[in-house]
Amino acid sequence: MNETWLLILGLAAATFTVRLSGYLLGRRLPDHGPWARGLQALPGCLILSLVTYLLMQGGPQEWAAGATALVVAMLSRSLPLTMAAGIAAVFLFRAYY
């Protein structure tokens, strides 16, 4: 067995360990209560903080795209559609204004 196979087996073992530890840790998370509610709100909070940070650094095009995404979010209540609308809007505003 040469070094390449040892590297492949080591990386496979490391990948399996990371995935197994995520599964085992996920089983220990609470299903209800304040911690569960906080963990359920975490992805939205992370996206909101990322968008806020990018808007603070952006210009009029980014603010217009953010407003477009906000309108789409309020009308559709769909995260994937909101993200797609925001990405398309920032692309169009940057390209044409």
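Let me start with the contact between two helices, where Gln61, Glu62, Ala64, Ala65, Thr68, Ala69, Val72, Ala73 and Ser76 in α3 meet Leu81, Thr82, Ala85, Gly86, Ala89, Val90, Phe93 and Arg94 in α4, contact meaning heavy atoms within 4.5 Å. The residues of this contact divide into 10 nonpolar, five polar and two charged, with Ala, Val, Leu, Ile, Met, Phe, Trp, Tyr, Cys and Pro counted as nonpolar, Asp, Glu, Lys and Arg as charged, and the others, Gly among them, as polar.

This is a predicted model, in which local features need pLDDT of at least 70 and side-chain atom pairs count only at pLDDT 80 or more, while totals for chains, interfaces and linings use all residues. Residues are numbered from 1 along each chain as its sequence is written, and side-chain values use heavy atoms, with hydrogens and water left out.

As for geometry, the axes of α3 and α4 come within 8 Å and cross at roughly 155°, and the two helices are therefore roughly antiparallel to each other, a label for angles over 145 degrees.

Turning to the largest pocket, α2 (34-57), α3 (60-76) and α4 (79-96) are the elements that each give two or more residues to its lining, and α2 supplies the largest share, 10 residues. Of the 26 residues that line this pocket, Ile47, Val51, Leu55, Gly66 and Ala69 are the closest to its centre, and Ala69 of α3 also belongs to the contact with α4 that I began with.

Technical notes:
1 Å grid on protein atoms, 1.4 Å probe; cavity = no way out; pocket = protein on both sides within 12 Å on 5 of 7 lines; lining within 4 Å. Helix = DSSP H or I, 4+ residues; strand = E, 2+ residues; numbered from the N terminus. Axes fitted to C-alpha atoms, helices over the stretch in contact; angles between N-to-C directions. Parallel < 35°, antiparallel > 145°, perpendicular 65-115°, else oblique.
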